[in-house]
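Reader: I have a structure open and want to learn to read it. Where do we begin?

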Amino acid sequence: MSAIIDNPEALAGGYLAMAQIFSYPDAERWNRLTETGLVDPALPREALEAEYIAAFETGVGKAPLSLYEGQNRPDHGRDGILQELLRFYEFFDAHLNQDDREYPDHLVTELEFLAWLCLQEHAALRDGRDAEPFRRAARDFLERHLAAWLPEFRRRLEATDSAYAQFGPALGELVETHRSRLGEQAPKLGEMQ
């Protein structure tokens with residue numbers, strides 16, 4: 001993962017890949033996952049679909065693992081989390097896909113927003129514009145949202161017998177790589193004017 005540490009476009013690709021993995025595996029998505037090598041084509045779509053439902057919707061022998069930040073951080077209140085996320089998205093004029101109808105605190109929505117921020121940073125760098133607002137936003141978003149609930153989600157995911165358990169380490173590494181990159185790029189006190 002360290003090879004992508006200085007490449008916001010590659011980080012965006014990583015976030016989009018994780019968003020695909022943690023989306024419901026319908027036929028189209030399963031084809032993309034297998035074509036890109038993210039999921040072994042020997043695992044039938046129906047089996048992956050059953051794994052998804054068991055892990056995230058119904059649970060098997062225990063409660064399902066929620067893909068929603070607000071349900072993973074009940075001490076912060078879901079309404080407040082949703083409102084803060086919507087303000088984040090609106091500030092950057094990022095709109096939720098009306099076809100998917102996912103809530104703003106869904107893991108996939110948060111991953112897609114981080115991918116979008118990385119792509120905006122990449123475009124700014126390519127065009128010679130200031131990329132720091134997008135880095136600051138990503139740093140703040142990670143700290144206040146995804147990185148705040150991911151460790152517990154990941155621990156619980158990896159403790160399941162689900163096919164999805166294997167993606168916990170990669171998701172955690174992606175987020176930590178991005179956080180490390182953003183921390184290294186933070187302006188030093190002496191550089192701030």
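Author: With helices. A helix here is a DSSP run of H or I with at least four residues, numbered from the N terminus. Keep in mind that the model is predicted.

Reader: Where does Arg-29 sit?

Author: Arg-29 lies in helix H2, residues 27-35.

Reader: Is Arg-29 buried or exposed?

Author: Buried means under 20% relative accessible area. Arg-29 has 15% relative accessibility, so it counts as buried. Leaving out residues up to four places away in sequence, Arg-29 touches Gln-20, Ser-23 and Tyr-24.

Reader: Now helix pairs. At what angle do H6 and H7 cross?

Author: Helix H6 covers residues 107-126, and helix H7 covers residues 132-158. Their axes cross at roughly 155° and come within 11 Å. Angles over 145 degrees count as roughly antiparallel. H6 and H7 are therefore roughly antiparallel to each other. The crossing of H6 past H7 is left-handed.

Reader: Which residues make the contact between H6 and H7?

Author: From H6, the list includes Leu-107, Leu-111, Phe-113, Leu-114 and Leu-117. From H7, it includes Phe-134, Phe-141, Leu-142, Trp-149 and Phe-153. By class, the contact of H6 with H7 has 15 nonpolar, 2 polar and 3 charged residues.

Reader: What about H5 and H6: parallel or antiparallel?

Author: Take the angle again. H5 and H6 pack at about 30°, with axes 12 Å apart. Angles under 35 degrees count as roughly parallel. H5 and H6 are therefore roughly parallel to each other. Their crossing is left-handed. Leu-85, Phe-88 and Tyr-89 of H5 meet Thr-109, Glu-110 and Phe-113 of H6. That contact of H5 with H6 divides into 4 nonpolar residues, 1 polar and 1 charged.

Reader: On to rings. How many aromatic pairs does the structure hold?

Author: It holds 20 aromatic pairs. A pair of aromatic rings is described by the distance of the centres and the angle of the planes. Take Phe-88 and Phe-113: their ring centres are 6.2 Å apart and their planes at 70°, so the pair is edge-to-face. This pair links distant parts of the chain, with Phe-88 in helix H5 (residues 78-91) and Phe-113 in helix H6, 25 residues apart. Both Phe-88 and Phe-113 are buried.

Reader: How are the rings of Phe-113 and Trp-116 arranged: stacked or edge-to-face?

Author: Apply the two numbers. The centres of Phe-113 and Trp-116 are 6.1 Å apart and the planes at 15°, so this pair is stacked. Phe-113 and Trp-116 are 3 residues apart in helix H6, so about one helical turn separates them. Now their accessibility. Phe-113, at 4% relative accessibility, counts as buried. Trp-116, at 27% relative accessibility, counts as partly exposed.

Reader: Which residues do ring pairs link into a cluster?

Author: Ring pairs join Phe-22, Tyr-24, Tyr-52, Phe-56, Trp-149, Phe-153, Tyr-164 and Phe-167 into a cluster. Tyr-24 also came up as a residue that Arg-29 touches.

Reader: Last, backbone angles. What is the phi of Asp-93?

Author: General idea first. Most residues other than glycine have a negative phi. Asp-93 is not a glycine, yet its phi is positive, about 55°. Asp-93 sits in the loop between H5 and H6.

Reader: Is Asp-93 buried or exposed?

Author: Exposed means over 50% relative accessible area. Asp-93 is at 54% relative accessibility, so it counts as exposed.

Methods. Residues are numbered from 1 along each chain as its sequence is written. This is a predicted model: local features need pLDDT of at least 70, side-chain atom pairs count only at pLDDT 80 or more; totals for chains, interfaces and linings use all residues. Side-chain values use heavy atoms; hydrogens and water are left out. Axes are lines fitted to C-alpha atoms, for helices over the stretch in contact, and angles run from 0 to 180 degrees between N-to-C directions. Helices (H or I, at least four residues) and strands (E, at least two) are DSSP runs, numbered from the N terminus. Angles under 35 degrees count as roughly parallel, over 145 as roughly antiparallel, 65 to 115 as roughly perpendicular and the rest as oblique. A crossing is left-handed if the near helix is turned anticlockwise from the far one by less than a right angle, and right-handed if clockwise. Contact means heavy atoms within 4.5 Å. Ala, Val, Leu, Ile, Met, Phe, Trp, Tyr, Cys and Pro count as nonpolar, Asp, Glu, Lys and Arg as charged, and the others, Gly among them, as polar. Rings of Phe, Tyr and Trp (its six-membered ring) pair if their centres lie within 6.5 Å; planes under 30 degrees apart count as stacked, over 60 as edge-to-face and the rest as tilted. Buried means under 20% relative accessible area, exposed over 50%, partly exposed in between (1.4 Å probe, protein chains only).
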